[in-house]
Amino acid sequence: MTTSPAPPRTRRATPPGAPSPLVTELRRGLGPWTGVAVALTVLLSMYGKAPDWQSRWSDATQLLHVTAGLLAGPLTLAAGCWQGGRDRRRRTTDLWESVPRPLLRRLAVAVAPSVLWPAAGLLLADVVCLLATWPYVSEGRPFLELLAADVVAVAALGALGHVVGRLVRWRLAAPLLGVFGYVGLAIGSYTESAARWLGPASEHQSVWDRPVWWFAPVSMVWAAGLALSALLAYGLRPARLRPLALLPLAVAVAAAAPILRLPTDTGPWRPDPALARPVCDDGTPQVCLTAVDRALLPEVAAALAPLNSRLRGLPGAPVRWVSGPYGPTRPGDVELPDTGQDATRGRLTRPDLYLNSAVSWLFSTTCRPGENTGPNAERASVVHLAVSEWLAPTPADYGVDPTAAQPYIDRLRAKSPAAQRDYLARYLAAKGCDPDKVPVP
Amino acid sequence: MNPSTAVAVTGLTVRHRRTVALDRLDLSLGPGVHGLLGPNGAGKTSLIRVLATVAAPFSGRVELLGGDATSHRERTGIRRRLGYLPQEFGYYPGFTVREFVAYVAWLKEMPSDRVPAAVERAVRRVGLGDRIDAKMKTLSGGMVRRAGIAQAVVNEPELLLLDEPTAGLDPEQRVDFRSLLRELGTGATVVVSTHLVEDVAAACTEVALIEGGRLAFQGTTGELTALGGVSTEGNDSTTHAVERGYTAALRAHRTSAENAREALR
């Protein structure tokens, strides 16, 4: 046996790998632009309202949820619809009808940009907003499961829009679907039935609540089941296989059942004692905020300090300033205004305004009809205004005209500190609904 | 059906609403390049669409590559061995030529390890090798047509159906394309629907002439040419000779059809 020398190794010119159809679909066409549009829409909308959500996880999560449902949802519907009509616009239908690859497989690849890019855009916007919230929050955690459910809902809307685009032979179908989608989702989110919790834009405003654990996963099953059912109903061939589309539909309906049994007003939201737990400083009077606003405690205490120094030791003065869902629980508790309205990024934006609000809340009383009337009622009202303006003047840009109370304010300012404390004690003692008892400064 | 027969159509009738596009057509095609000739509206595109398994016949039997094209199961196997360029070739403008042809290769269920080389070869064969990574939207009309031919041949089809493939090609590209057709016809059955007689004269070995949804003539290009007789003009070209044969075949078919109608009255 003879051996021949091994042939010299030559570098074989191999062509670059052909791109996979999925990668090509994701790279080309409308898909990436849809992702960018969704991310920018959510981010710009959130940026405009940053002071409202950047201090608390729940505010950030809630606003992201509503923005995703109301803005990203219709946008994704429209983009999916446009993508779905592509084969008709590009006249590739005839060619695709001649290929062996089953329609469902083709559909699974073609729908990917309508599903994955909006989901990625929303996910990016969610991450950016949560990172922007992170430095300023005190307690709790973002409801990531709700945000994940939003991502699934937006992806499902992309798939539904895609199927509509394949079925409806009309160029205006995409923009109109977007408009009708917006109206439908908006109406759905404000409806007074439990069905609103099936929509992706249902709103709930309480920073001390958290959703029940099963709500997000069940919502995902509901949205994904609907989308999968639509895709299967469209893509399964031959027609005798189409009843299989009823399976995900049945799963979606089964997932909807517990959501529809939720309370109409609070839906899946339940109070979370850990978030509403009072956190107090050791001042006199004490300032107590809820755990979600713990970081604001020094700021609130500093804002109230001038008032506290005047009230300290007076009979009838507050023992504790309290904020939160449970209100005053002990004798001597006085409710504080909601810090969420006056705080941005962990700071009180207008301490003077917050102090003014606190004084208003301190002196506010609820009188029955017929009370707080009589010949001295108007004078008492002017005295109330004078005391409030003396303790915490309303900022100039808030429209309160103290002219009528100015003589009383001047008299209060002219008094000695001891006389001021004496008057304040008498004023606090007269707090109520009888104008005749209100002492004149 | 003869084992070498790629297309065997019997009694094929295609209707578009109330119009009969193909009327009990019988046709059998084997390996080679077949020109499908006929005036506008004769039924050429209807026949190509049925052969491409895009349109379903109203009645009749369609056997392609030894399988029944009306059977769902057999149709999938047929489609894997089919190449098709529709009259209106649609494409995705954002895809590159490579991406688009690879996409079609995937749709034709080609083994993924064979796709990269097959795509390169198909694109080179149509002379677009230097534009393989250009986006489809940047191509001229002729280049798009060539990309369309590339997607049709990417799977080395045994039955290649081309509907007006030379529309939009300049004269030089047509010459190259006819050469490609001849090359493809050595191993496959190529059906070229066209109304350009010069394409048939230059590239086709066989001709089927359709008129009013019926087969007016089927034979070799030489037989069609012979129908036209000898020209009295000194500078008679092959194309002119085929045109004369085409016209003679059409007239003969019309006369025969007229006589048949008269006989029925």
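This is a predicted model: local features need pLDDT of at least 70, side-chain atom pairs count only at pLDDT 80 or more; totals for chains, interfaces and linings use all residues.
**Notebook: a sheet in chain A, then the cores**

Started with the sheet in chain A: four strands make an open sheet, ordered 3-4-5-6, with mixed pairing.

Looked up the edges next. They are strand 3 (278-280) and strand 6 (333-335) of chain A, each of which pairs on one side only.

Then I went to strands 4 and 5. How do strand 4 and strand 5 of chain A run, parallel or antiparallel? Parallel: three bridges join strand 4 (residues 286-290) to strand 5 (residues 320-322) in chain A. I picked out one bridge, where A:Gln286 has A:Arg320 in strand 5 as its partner.

What packs on the sheet? I found helix 14 (residues 297-311) of chain A there, touching strand 3, strand 4 and strand 5 of chain A. The direction of helix 14 makes about 140° with that of strand 4 of chain A.

Moved on to the cores. The largest nonpolar core has 91 residues, and B:Phe100, B:Val101, B:Ala105, B:Val119 and B:Ala150 have the most contacts inside it. Helix 3 (residues 97-107) of chain B is the top contributor to this core, giving nine residues.

I took a closer look at B:Val101. Leaving out residues up to four places away in sequence, B:Val101 touches B:Val119, B:Ala122, B:Val123, B:Ala150, B:Gln151 and B:Val154.

Terms used. Residues are numbered from 1 along each chain as its sequence is written. Chains are lettered from A and ligands numbered from 1 in the order in which they are written. A nonpolar core is a set of buried Ala, Val, Leu, Ile, Met, Phe, Trp, Tyr and Cys residues joined through C-beta atoms within 7 Å. A residue is buried if 20 or more other C-beta atoms lie within 10 Å of its own, exposed if 12 or fewer, and partly exposed in between; C-beta atoms are placed from the backbone. Helices (H or I, at least four residues) and strands (E, at least two) are DSSP runs, numbered from the N terminus. Two residues are in contact if their C-beta atoms, placed from the backbone, lie within 7 Å. Two strands pair if DSSP finds at least two bridges between them. Axes are lines fitted to C-alpha atoms, for helices over the stretch in contact, and angles run from 0 to 180 degrees between N-to-C directions.
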